Amino acid sequence: MKKMILSLIVAIPLLISAQTKVGDNHASAPGLKCLTCHSCPIPTKENPCLKPCPREGMIRIDQKPEDGPKIIIIDKFKKQSDLYMPVRFSHLAHAEMSEMGGGCRMCHHYNPPGNVIGCSECHEVSRKRADVSKPDLKGAYHRHCMDCHRAWTGGTDCNYCHLPNGANRPLPEKSKADESKKRIHPKVETPEKILFSTNTNYGKTVLFRHQEHNKVFGFDCSDCHSNESCVKCHKAQKTIEVSKLSAADKHKKCLECHDTKSSCNMCHSNKETNAFDHMAKTGFDNSKFHGELACIRCHTTKGKFTGLSPDCNSCHGIWTQSNFNHKITGVVLDETHSGAECKDCHQEKNFAKPVCTNCHDDKSFPANVPGKLIPKGWIPIKKNK
Amino acid sequence: MAHQTRRDFLKTAAIAGATLTGISSNPTKAAQQNVLSENRMGVLVDTTVCIGCRKCEWACKTAHNLPTQPLESYDDKSVFKSMRRPNDKELTVINEYPARSWDDYPTTVKVQCMHCDKPACVSACIVGAFSKVENGSVIWNGDKCIGCRYCMVACPFQIPAFEFEKALKPDIKKCDFCFDRTKEGKLPACVEICPNEVLTYGPREELVRVAHQKIQLYPKRYINYIYGENEVGGTSWMYLANRHFKELQFPALGGSPAPGVSEAIQHGIFAYFVPPIALYALLGGVMWINKNRKPSDSDSEGRHE
């Protein structure tokens with residue numbers, strides 16, 4: 001009996017530690033359920049019962065191009081009989097280029113949460129293998145490379161990346177210079193606006209405010225550009241001709257947020273359309289306290305900017321004297337006023353201009369201040385975005 | 001018995017013939033194989049990832065000791081201007097079909113022997129030079145071939161080619177699924193060289209499962225059809241594509257095996273020595289009728305005189 005208890009005492013912490021070990025590896029991402037990736041309720045190391053890829057719903061990679069390796073020599077599946085030498089792959093240059101298209105996950109497509117893993121973690125080196133449901137390492141590399149390089153060079157020339165086996169050619173000067181650089185691909189500049197000419201009845205032009213969509217509406221490059229290859233900018237062999245697009249294709253991207261069926265005049269016009277003004281469009285002035293916030297902080301469903309109530313309490317909860325720091329409004333209340341209820345002075349639900357007449361017959365704001373004004377230029381403490 | 005009668009000669013000839021066929025047919029049957037193993041291998045060709053680099057063409061020629069141009073010459077894409085067929089000098093070829101839209105790539109398709117599960121060539125070959133072997137390959141034995149070229153007519157994919165230019169000992173040439181390589185545990189040459197692993201080599205049953213899974217996972221990438229899964233009773237080589245196989249010049253064949261009809265007729269007729277017996281019965285019948293009619297004919301002639 002004693003032995004049993006002893007062994008139990010030893011075994012229980014061991015079992016617990018074994019279980020948490022699995023958790024440490026990959027399940028640390030918040031809100032991630034086992035059944036997102038596994039098909040059985042209790043996956044084990046022997047039988048992880050992984051669901052087949054793609055599992056894109058759960059991918060999150062928060063690395064910057066410079067965090068990854070600079071150069072990778074792809075020689076994992078090198079053989080003597082190979083026709084070509086291993087590729088010297090500039091990971092940095094490609095990571096920089098991918099910023100437009102969707103970042104790391106363009107290549108690291110089925111990365112589990114946590115660290116970025118290399119291709120060989122999932123793709124087997126040997127072509128002769130038991131599990132043929134996903135390509136081997138050589139196939140995986142080439143499929144990714146050729147996806148863009150076919151369009152980029154307009155061909156399938158192996159020598160573009162490989163040196164023939166046995167060739168004793170030195171590295172081109174250009175790539176040597178590239179390797180010493182901090183950044184290889186120049187940062188992509190966002191145009192302020194793009195003017196499209198159209199031949200519809202609603203107007204001759206569509207003015208697309210590009211920077212506004214990035215900075216005000218918070219779109220990432222990849223939200224719109226993810227399916228474009230290098231040639232979109234570099235125009236090597238194959239350029240995308242807008243004129244060849246069907247009307248439906250042209251409106252496809254806009255349709256995700258705008259109603260392109262009935263409100264044509266919103267974009268199509270003969271004169272330059274106005275920049276987005278929250279006050280003019282919605283009647284809610286967001287410049288004072290909400291100007292720094294990304295749209296999605298309040299309009300929580302991305303792309304669907306449905307109207308919200310101008311009532312502060314609808315988002316912020318019920319404000320009371322004790323939970324509201326009045327200082328952020330630019331007025332530090334004096335002792336007398338700090339004891340009053342909010343509604344004593346602010347009778348409107350949007351907490352606009354205060355009224356003094358509730359208590360005072362002869363006072364009004366802003367001639368009289370219920371405390372101390374903070375000098376202009378003082379910036380309220382930024383809350384995390 | 002110094003004088004041999006006609007009847008005696010026929011008797012001996014029939015006995016000798018029967019004995020001869022008995023002897024000669026037995027070893028042929030033992031050597032020719034037509035097995036449909038459950039573990040037979042296959043190749044799944046994913047045309048959506050093929051880039052038309054033509055390295056498989058080069059590897060095939062090299063593996064089969066066929067004369068070939070240097071590797072660099074295979075970058076020449078002008079061959080795609082016309083449609084090519086496998087022939088006695090090229091056991092596999094890549095054809096290109098134009099892209100359907102401006103933002104799409106052309107589709108390139110590898111053509112070679114499909115290595116049918118129920119091969120028509122094996123069935124048609126009268127000397128048993130063709131075999132379907134354990135690992136799924138359909139192979140040809142030059143020692144037995146008499147050059148009748150029935151296989152070329154029988155093949156629903158028109159694959160076997162004949163060395164017409166050779167006057168002496170011409171061969172039938174077709175993809176042999178690199179039987180000499182797979183015997184040693186190697187991969188077929190084209191499968192090994194393909195940079196994109198367009199060609200996935202594995203047990204056929206597994207490949208069918210993988211193909212269905214791919215179609216299910218990427219419904220926008222593939223049309224819901226595996227060419228070769230059921231064509232002429234199933235083939236070892238199977239294809240996935242993003243457009244209708246008719247556009248890629250795949251023959252529209254039903255699901256019933258090509259040798260099904262001919263084999264049933266042939267085997268039905270030739271079973272139990274039916275044709276010679278029937279022939280002799282027919283001839284005998286004619287003779288018997290003639291024998292009975294003769295006297296009556298001469299009788300009538302006599303009356304007129």
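**Exercise 1. Find the disulfide of this predicted model and state its handedness.**

Solution. Start with the rule: a disulfide is a pair of cysteine sulfur atoms within 2.5 Å. A search of the whole structure gives one over all chains. The partners are Cys40(A) and Cys49(A), with sulfur atoms 1.9 Å apart. Next, take the torsion about the S-S bond of Cys40(A) and Cys49(A). It is about -75°, so this disulfide is left-handed.

The model is predicted: local features need pLDDT of at least 70, side-chain atom pairs need 80 or more, and totals for chains, interfaces and linings use all residues. Residues are numbered from 1 along each chain as its sequence is written, chains are lettered from A in the order in which they are written, and side-chain values use heavy atoms, without hydrogens and water.

**Exercise 2. Describe the interface of chain A and chain B.**

Solution. Count contacts (heavy atoms within 4.5 Å). Chain A brings 29 residues and chain B 33. Now take buried area (accessible area, 1.4 Å probe, that two parts lose on being put together, summed over both). About 2800 Å² is buried, and carbon and sulfur atoms give 55% of that. In chain A, Arg127(A), Arg143(A) and Arg150(A) lose the most area to chain B, together 25% of what that side buries.

**Exercise 3. Count the salt bridges between chain A and chain B, and describe one of them.**

Solution. Apply the cut-off: a side-chain nitrogen of Lys or Arg within 4 Å of a carboxyl oxygen of Asp or Glu. The count is two. One pairs Arg129(A) with Glu197(B), the closest N and O atoms being 2.8 Å apart. By class, the side of chain A that touches chain B has 13 nonpolar, four polar and 12 charged residues. Here Asp, Glu, Lys and Arg count as charged, Ala, Val, Leu, Ile, Met, Phe, Trp, Tyr, Cys and Pro as nonpolar, and the others, Gly among them, as polar.
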